[in-house]
Amino acid sequence: MIKAETLTKRFGDLTAVDTVSFEIHRGETFGFLGPNGAGKSTTINMLAGVLQPDAGRVIVDGGGDPSQPAVRRRLGIAPQALAIYEELTGEENLIFFGRLYSLPRRRLRERVDWALEFVGLSGRRKDRVRTYSGGMQRRLNLACAVVHDPELLLLDEPTVGVDPQSRHLIFEKIEQLSAEGHTVLYTTHYMEEAQRLCDRVAIIDRGVILALDAVDNLIAEHGGESTVRATLSKTPAVSDELPGQMKGNILTVRTSDPLSVVARLTTSDLGITDLRVDRADLETVFLNLTGRSLRD
Amino acid sequence: MRTLLALASKDLLLLWRDRFGLFWVLAFPLLMALFFGAIFSGGSDSRAAMKIVAVDQAQSEASRHFLARLDSSDALTVVSAEIDSARTLVRQGKAVAYVIVAEGFGSLEQMFSGSEQSSLIVGIDPSRKAETGYLQGLLTEAWFSLVQAQFFNPSTARPRLDTLIASVTGDTAMQADQRNALTDFFGSMQTFLAEVDTGALADSSTGGARSATMGPRIKVEEVTRQTIHPHSSWEITFPQALMWALVGCAAAFAISIVTERTRGTLLRLRLAPLGRGQILAGKGLACFAFSVTVCAALLLFGILVFDVRVADPTLLVLAVVACGVCFVGLMMLISVLGKTEQAVGGAGWAILLVMSMTGGGMVPLMVMPKWLLTVSHISPVKWGILALEGAIWRGFSYGEMALPLGILTAIGIVAFTVGVMVFRKVHG
């Protein structure tokens, strides 16, 4: 659907994006995971044609680069900042952005109704945006991105600062769009979001893609071993034969095959009162790749 | 074009909903016009003496008496001049009217022969209907004063009646019955003047005696005035108000461009299938449309409520359009002066205020000291006010209007181009 080839962008001495290459397939939900300042928004702006790369190029299916208006017509974006007009109503915002894409009047009306329904704002369509909660404004921001029915959606941290209810709704809507065949690029610094929503994830830090693969593959390759923690009813007299290390009455096992360890422990006579498996996740992957936490 | 209209209508709607912004764009200029207009027109209810030019072609004792009587009136200021100068003064609006005292004025023949020849000729602009009637009244009053002096003062009237009787008796061309009637009439008057108490006559001279005589024959000539002075202070303050409105529009829309940038909506606009030129053109179109609308509203208010008279409506439309173009350009330039609303708002208002102060937005151009008038050449506000005044009361020709219109348009184009170039540089 869209392909980035050795994209590079510098701002003075800072290289915000450094020879980044990837391809997003049609119908795929592609995640960009990285901390703030990693280069996610800069990359998305180059993909959208707003920012001219210093090197490299972006190719959209069917030819052309996104600096051309005809190509941008196929894209929809929800920027990280709330790109909506507070003094207009939700409906007026959607009508305005829809008109920019030259939708015929009747089609525009249908799409506006659909978009408001899609993000659960039909009941507040006539209210000015400044009266909306933060979560509702985020949802409207998403609605403005989809009102013209784009093929490719670029969602730049669409859940920043929203309440859990709106966040959950946004997740559902992105999953719905994905199921309907839309191609989605989703940037976030929340690993749970990437893990839940994305088919493939690119882990980016300091302008460089460190790893790119399906979530399970990333974890398998870079996540390291899982940890199994068992609380025993009594401390065994001899601990040498145990599969892990004892500390007090807690047995900790680091393994690449946690299922087998759990099976073995549960059939033993160790008197297990509690069992917990800490599987490697994308946070662990990022930590292993960079030596830093995603929230650093 | 549909997209451009969508962009412009969105901006107009946003400004319309910004009540505080609207105050600076619409209400504040109107208040300025009302405030300064009221100050400059202070005491306008008390009528000033009407300046007239007297042309004494009779050069007689009667004409001198008549003109002296006019001059003694508090309602008139009388200056003397030759006929050509008098016409020029009236045409230029430097005098309200001229009064020609024709040859033979005050002679007995003219008064009593029934001649159709006018004794007084008044030259006045046809639009000055009230002044025409008022002046005719004053002339008639002075004429009666002359009649009274000549005929109801026995010491001066008797010799004149003797002369008149001799003249009528010797006039062989006159029909006999008319000659006899006039001779009897003048004889009766001599008898009357010989028997009457002069003191009582003087007392009654303002009453019945006057009504017994005929009035002067006054011919009114139309002299179209070249309007080179405002009819009222409102014709000075409303062009200033329009400039303040344009300043407000330019500042408001310049800040709105920065707001689009800081709020992120500019990013979404740039992601839409639009050229950057279209986005800025939409902003310019909205600014232009709002500027022209506000100007039209203020002008209409001035015309309907304060009798602002527009000398040339076509030139006024051109002036408003040129002013709009100029301030759209300035709006674009101001919008790139800073990166935040505060920076652009502060810098924009500072620049526009200096332009207004030096350009006649506060002190009218016509009363500016010479040095400030020289400084004002660099201010677009000066050229805007000049263009508006040129169309309203300065009576500019198309040729005279070309300079301010050209300068305004040029400033607008240059400022817009520079603004767009900086915008493009800043935003890739």
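Two strands pair if DSSP finds at least two bridges between them. Strand S8 (residues 200-205) and strand S9 (residues 208-214) of chain A meet that test, with six bridges in the antiparallel sense. This is a predicted model. Chain A holds ten helices and 13 strands.

**Chain A as a whole**
- Chain A has 296 residues, and buried residues make up 42% of them.
- Take the contacts in chain A with a separation of 6 or more. Residues 24 or more positions apart account for 67% of these contacts.

- Strands of a sheet pair through backbone hydrogen bonds, either parallel or antiparallel.
- Across the pair, A:Ile204 stands opposite A:Ile209, which belongs to S9(A).
- Two residues lie between the strands of this hairpin. There, A:Arg206 takes a positive phi near 50 degrees.

**A three-stranded sheet in chain A**
- This open sheet has the order S2-S1-S4 in chain A, with antiparallel pairing.
- Which strands stand at the edges? They are strand S2 (14-24) and strand S4 (55-60) of chain A. Each has a single partner strand, so one side of each is left without a neighbour in the sheet.
- From one strand to the next, the twist averages 20 degrees.
- Strand S1 (residues 2-11) of chain A is joined to S2(A) by seven bridges, and the two run antiparallel.
- A:Lys3 has A:Glu23 as its bridge partner in S2(A).
- Helix H1 (residues 40-47) of chain A lies across S1, S2 and S4 of chain A. H1(A) runs at about 120 degrees to S1(A).

**Helix H10 of chain A**
- H10(A) covers residues 282-290. Its buried residues are A:Leu282, A:Thr284, A:Val285 and A:Phe286.
- What do these buried residues pack against? Their partners are strand S3 (29-33), helix H7 (191-197), S8, S9 and helix H8 (215-222) of chain A.
- A:Gly291 follows H10(A) and has a positive phi, near 80 degrees.

**Two packed helices in chain B**
- Two packed helices are described by the angle between their axes and the distance between the axes.
- Helix H14 (residues 313-335) and helix H17 (residues 380-392) of chain B have axes that come within 8 Å. These axes cross at roughly 165 degrees.
- Angles over 145 degrees count as roughly antiparallel, and H14(B) and H17(B) are therefore roughly antiparallel to each other.
- The crossing of H14(B) with H17(B) is left-handed.
- H14(B) brings B:Leu315, B:Leu316, B:Ala319, B:Ala322, B:Cys323, B:Cys326 and B:Leu330 to the contact. H17(B) meets them with B:Pro380, B:Gly384, B:Ala387, B:Leu388, B:Gly390, B:Ala391 and B:Ile392.
- The residues of this helix contact divide into twelve nonpolar, two polar and no charged.

**Where chain B touches chain A**
- How many residues does each chain give to the contact? Chain A gives 25 residues and chain B gives 20 residues.
- On the side of chain B, helix H1 (2-17) and helix H12 (265-271) each supply at least two residues.
- H1(B) gives the largest share of that side, seven residues.
- The side of chain B that touches chain A has eight nonpolar, five polar and seven charged residues.

Note on methods
Residues are numbered from 1 along each chain as its sequence is written. Chains are lettered from A and ligands numbered from 1 in the order in which they are written. This is a predicted model: local features need pLDDT of at least 70, side-chain atom pairs count only at pLDDT 80 or more; totals for chains, interfaces and linings use all residues. Two residues are in contact if their C-beta atoms, placed from the backbone, lie within 7 Å. Helices (H or I, at least four residues) and strands (E, at least two) are DSSP runs, numbered from the N terminus. Ala, Val, Leu, Ile, Met, Phe, Trp, Tyr, Cys and Pro count as nonpolar, Asp, Glu, Lys and Arg as charged, and the others, Gly among them, as polar. Axes are lines fitted to C-alpha atoms, for helices over the stretch in contact, and angles run from 0 to 180 degrees between N-to-C directions. Angles under 35 degrees count as roughly parallel, over 145 as roughly antiparallel, 65 to 115 as roughly perpendicular and the rest as oblique. A crossing is left-handed if the near helix is turned anticlockwise from the far one by less than a right angle, and right-handed if clockwise. A residue is buried if 20 or more other C-beta atoms lie within 10 Å of its own, exposed if 12 or fewer, and partly exposed in between; C-beta atoms are placed from the backbone.
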